Amino acid sequence: MAESSFPRPLRAVACLVLTLAMGACAGQSGDRSPSASIPTDESRNLTSHSTVLDDLTRNWTVYRPPAAEDPSAPVLLVIHGTGDTGSGIRNGIGPDLERLADDEGFAIVYVDGHENNWNECRREGDWPAKEDDLDDVGLFREAAGSLGTTGPVYAVGFSSGGHMAMRLALEAPDLVDGVAAVAANPPTPENLGCGVGGEPVPIMFVQGRQDPINPIDGGEVRVGSGLAAQSRGEVLSAVEGAEWFARHNGVAVDGSSPSVSREGDAETFTWEGPDPVRLVMVDRVGHSFPTLSGRWGRDGGARYDAPGEIWRFFSPGPP
C-alpha cells in the first residue's frame with residue numbers, strides 16, 4: 001500500500017482530529033440502542049407503514065403476531081431515544097418484547113422520529129422535530145389507528161422517547177391507556193413544555209441508579225461530551241418526578257406515601273389507585289433499557305425484566 005503523502009507530523013494531527021471528531025459524533029446521540037441482527041422485512045409478522053404529516057413522510061413498523069390478530073388485541077407503541085430509529089430500538093429490546101407479544105397477544109408499533117428525534121415534553125433541546133413544532137402526538141394517533149384495533153393502547157419510551165411517552169400521557173390521555181418511561185425523569189417545572197390539564201393515565205418509570213445522562217437524583221441532562229455536549233435542561237429526581245405524576249393522577253393525596261419493596265437489584269415505589277404510578281430504580285444500570293437477557297449494550301449491568309414488568313403494570317390481569 002502506498003504511504004500517505006501527508007508528512008508524519010501532519011498525519012498524526014489528522015488522525016487525532018479524526019478520532020476526536022468521531023468521538024464527538026458518537027457522543028451526540030447518547031440514547032442509541034446497540035446494533036444487532038434480528039429478523040426485519042423477512043419476518044412474516046412485520047409490516048411497514050407511512051403517512052404524510054406536517055408535509056413530511058413519517059414511518060413506523062408493526063410487529064403483529066398471530067395471537068394479536070383479534071380486533072380487540074392491545075397495541076404497544078415503542079418510542080426510541082435521541083439519534084436512534086424504530087429499527088434501532090427493535091434491535092435492542094425487540095427480541096424480549098416480541099417474545100412477550102407472542103405469549104400475551106399484543107401488537108408492537110416501532111415509530112421513527114423525524115431526523116431521529118421527537119417534539120417531546122422538555123423545553124430545552126434544539127433538534128428539528130422540536131424546532132419545527134411537529135405534530136408527533138398526531139403521528140402516534142395515526143400509527144395506533146393504522147392497526148384498526150379497538151383494544152387498549154400503551155406506550156413505552158426510552159430516554160427522549162420516555163419524554164415523548166410523558167407527552168402522550170399528559171396531552172393525549174384519550175389515546176393511551178398507560179405509558180412507561182425508561183431512563184427519563186420528568187422535567188422540572190421550568191423545563192416542562194407540555195400541557196398538564198388532561199385526565200390521568202397510569203405511568204411507570206424504570207431508572208438506572210448509575211445513569212450518567214439522566215441523573216437519578218435530578219439535575220441537568222447532558223448528551224455527548226466535550227465541545228459536542230448538548231443540554232436538555234433540568235429534570236426532577238426520579239422520586240420527585242414519580243411523586244409529581246402521583247399528585248397529577250390523584251393517587252398521592254393527604255400526605256399518603258407509596259408502598260416500597262425491594263427484590264434483588266430493583267427497588268419499587270408504587271402509588272396505588274385508579275391511575276397508579278410506579279417507579280423502579282435498578283442498581284448497577286446506566287443509560288440503558290434493562291432486560292433479563294442483558295442484550296442492551298451488554299454492559300454487565302443488573303438483570304431486570306423491564307419489558308415484562310412494564311407489561312404486567314399495563315395489563316395486570318385478574319386480582
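Q: Two strands pair if DSSP finds at least two bridges between them; what makes S10 and S11 a pair?
A: In this predicted model, S10 and S11 are joined over 5 bridges in the antiparallel sense. The requirement is at least two bridges, so S10 and S11 count as paired. Within this pairing, Ser261 stands opposite Thr268 in S11.

Q: Why is S10 called an edge strand?
A: The open sheet has 10 strands in the order S1-S2-S4-S3-S5-S6-S7-S12-S11-S10, with mixed pairing. S1 and S10 (259-263) each pair on one side only, and that is what the term edge strand refers to. From one strand to the next, the twist averages 20°.

Q: How do you know that Arg262 is partly exposed?
A: Arg262, a residue of strand S10, has a relative accessible area of 46%. Buried would need a value under 20% and exposed a value over 50%. The 46% of Arg262 falls in between, so Arg262 is classed as partly exposed.

Q: Which residues is Arg262 in contact with, leaving aside its neighbours within four places in sequence?
A: They are Arg209, Glu267 and Asp283. Contact here means heavy atoms within 4.5 Å. For Met281, the value given is a C-alpha to C-alpha distance of 9.6 Å from Arg262, across 19 residues of sequence.

Q: Why does Asp55 count as exposed, and what is the class of Asp54?
A: Asp55 has a relative accessibility of 77%, which is over 50%, so Asp55 counts as exposed. Asp54 has 36%, which lies between the 20% and 50% limits, so Asp54 counts as partly exposed.

Q: What makes the backbone of Asp54 and Asp55 worth a remark?
A: Most residues other than glycine have a negative phi. Asp54 is not a glycine, yet its phi is positive at about 55°. Asp55 is likewise not a glycine and has a positive phi of about 60°. Asp54 lies in the loop between strand S1 (46-53) and strand S2 (56-63), and Asp55 is found in that loop too.

Q: Why are H4 and H5 called roughly perpendicular?
A: The axes of H4 (136-145) and H5 come within 10 Å and cross at roughly 85°. Angles of 65 to 115 degrees count as roughly perpendicular, so the label applies to H4 and H5. Asp136, Val137 and Phe140 of H4 meet Met164, Arg167, Leu168 and Glu171 of H5 in this contact. By class, the contact has 4 nonpolar, no polar and 3 charged residues.

Q: What makes H4 a mostly covered helix?
A: Of the 10 residues of H4, 7 are buried; each of these is under 20% relative accessible area. The buried set is Asp136, Val137, Gly138, Leu139, Phe140, Ala143 and Ala144.

Q: How do you know that the buried residues of H6 line one face of the helix?
A: In H6 (238-248), the buried residues are Ala238, Gly241, Ala242, Phe245 and Ala246. Seen down the axis, these residues fall within an arc of 140°, and therefore they line one face. They pack against helix H5 (160-171) and strands S7 (203-208), S11 (266-271) and S12 (277-282). After H6 comes Gly250, with a positive phi near 75°.

Q: What share of the protein chain counts as buried?
A: Of the 319 residues, 55% count as buried, that is, under 20% relative accessible area. The chain holds 7 helices and 12 strands.

Notes: Residues are numbered from 1 along each chain as its sequence is written. This is a predicted model: local features need pLDDT of at least 70, side-chain atom pairs count only at pLDDT 80 or more; totals for chains, interfaces and linings use all residues. Side-chain values use heavy atoms; hydrogens and water are left out. Helices (H or I, at least four residues) and strands (E, at least two) are DSSP runs, numbered from the N terminus. Buried means under 20% relative accessible area, exposed over 50%, partly exposed in between (1.4 Å probe, protein chains only). The arc is that of the directions from the helix axis to the C-beta atoms. Axes are lines fitted to C-alpha atoms, for helices over the stretch in contact, and angles run from 0 to 180 degrees between N-to-C directions. Angles under 35 degrees count as roughly parallel, over 145 as roughly antiparallel, 65 to 115 as roughly perpendicular and the rest as oblique. Ala, Val, Leu, Ile, Met, Phe, Trp, Tyr, Cys and Pro count as nonpolar, Asp, Glu, Lys and Arg as charged, and the others, Gly among them, as polar.
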